[in-house]
Amino acid sequence: MLVLVFTSVILLFISGVSWPKENIPAFWRALGCLFPSTPGIQGFIRINTSGATLSEVANEYQLLWIQTGIYFITAGLIYRFQIIRSRKRLLKQYNYMKQKRTLK
């Protein structure tokens, strides 16, 4: 929970809400695009303050869907790796116990 509190302030500044987006260095803007909060906040602000339509915030919308796809694939690959790793451990433990039983 402490990590969430620590990162929320940083992500708020990177998103360009409390600081002008043009004054944020390019590195920090690029880093902010890795988090869904940045395009989400930018799109939400444009819709609320300017009355923008969904087609006017299409870039933010597309970026959110791209992030969703990338994060989904990453989570699936990590989950697959964890399943394979736990299966190898289980087989190793099974073979060890099987050998131990045959020695008795």
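Good morning. I begin with confidence, which in this protein chain is lowest in helix 1, residues 2–15, at a mean pLDDT of 77, and highest in helix 4, at 93. What we are looking at is a predicted model. Across the protein chain the average pLDDT is 88, and 95% of the residues score at least 70.

Let me turn to the overall architecture. The protein chain contains four helices and zero strands, and along the sequence the pattern reads α-α-α-α. Helix 4 spans residues 58–103, and helix 3 covers residues 37–50.

How does the radius of gyration of the protein chain stand against that of a compact globule of 104 residues? The globule would come out near 13 Å, whereas the protein chain has 23 Å. The box filled by the C-alpha atoms, taken along the principal axes, is roughly 80 × 30 × 25 Å. Burial is the next item: 13% of the 104 residues count as buried.

One pair of residues illustrates these dimensions. Tyr96 lies in helix 4. Between Tyr96 and Ile47 there are 62 Å in space, C-alpha to C-alpha, for a separation of 49 residues in sequence. Tyr96 counts as exposed, because its relative accessibility is 52% and the threshold for that class is over 50%.

How many salt bridges does a search of the whole structure find? The search returns one. Its partners are Arg46 and Glu60, whose closest N and O atoms are 3.0 Å apart. This pair links distant parts of the chain, with Arg46 in helix 3 and Glu60 in helix 4, 14 residues apart. Are the two partners buried or exposed? Arg46 is partly exposed, at a relative accessible area of 32%. Glu60, in contrast, is buried, at 13%, since buried means under 20%.

Next, the aromatic residues. Searching the whole structure gives two aromatic pairs. Phe27 is exposed, with a relative accessible area of 55%, while Trp28 is partly exposed, at 40%.

The other pair is formed by Tyr61 and Trp65, also edge-to-face, at 6.4 Å centre to centre and 80° between the planes. Why are Tyr61 and Trp65 separated by about one helical turn? The reason is that they are four residues apart in helix 4. Their accessibility is as follows: Tyr61 is partly exposed at 41%, and Trp65 is exposed at 53%.

Finally, I draw your attention to the surface. Which residues form a nonpolar patch there? They are Leu34, Phe35, Ile66, Ile70 and Tyr71, which together present about 480 Å² of accessible area. Of these, Ile66 lies in helix 4.

Helix 4 holds Glu60, the partner of Arg46 in the salt bridge. Helix 4 also holds the aromatic pair of Tyr61 and Trp65, as well as Ile66 and Tyr96. Thank you for your attention.

Notes: Residues numbered from 1 in each chain as written. Predicted model: local features only at pLDDT ≥ 70, side-chain atom pairs only at ≥ 80, totals over all residues. Heavy atoms only, no water. Patch = residues over 30% accessible without salt bridge, like charges linked within 9 Å, V, L, I, M, F, W, Y side chains within 5 Å. Areas by Shrake-Rupley, 256 points an atom, 1.4 Å probe, with all protein chains shown as cover. Salt bridge = Lys/Arg side-chain N within 4 Å of Asp/Glu carboxyl O. Helix = DSSP H or I, 4+ residues; strand = E, 2+ residues; numbered from the N terminus. Phe/Tyr/Trp six-rings, centres within 6.5 Å; stacked < 30°, edge-to-face > 60°. Buried < 20%, exposed > 50% of the residue type's maximum accessible area, 1.4 Å probe, protein only. pLDDT = per-residue confidence, 0-100. Rg over C-alpha atoms; globule rule 2.2 N^0.38 Å.
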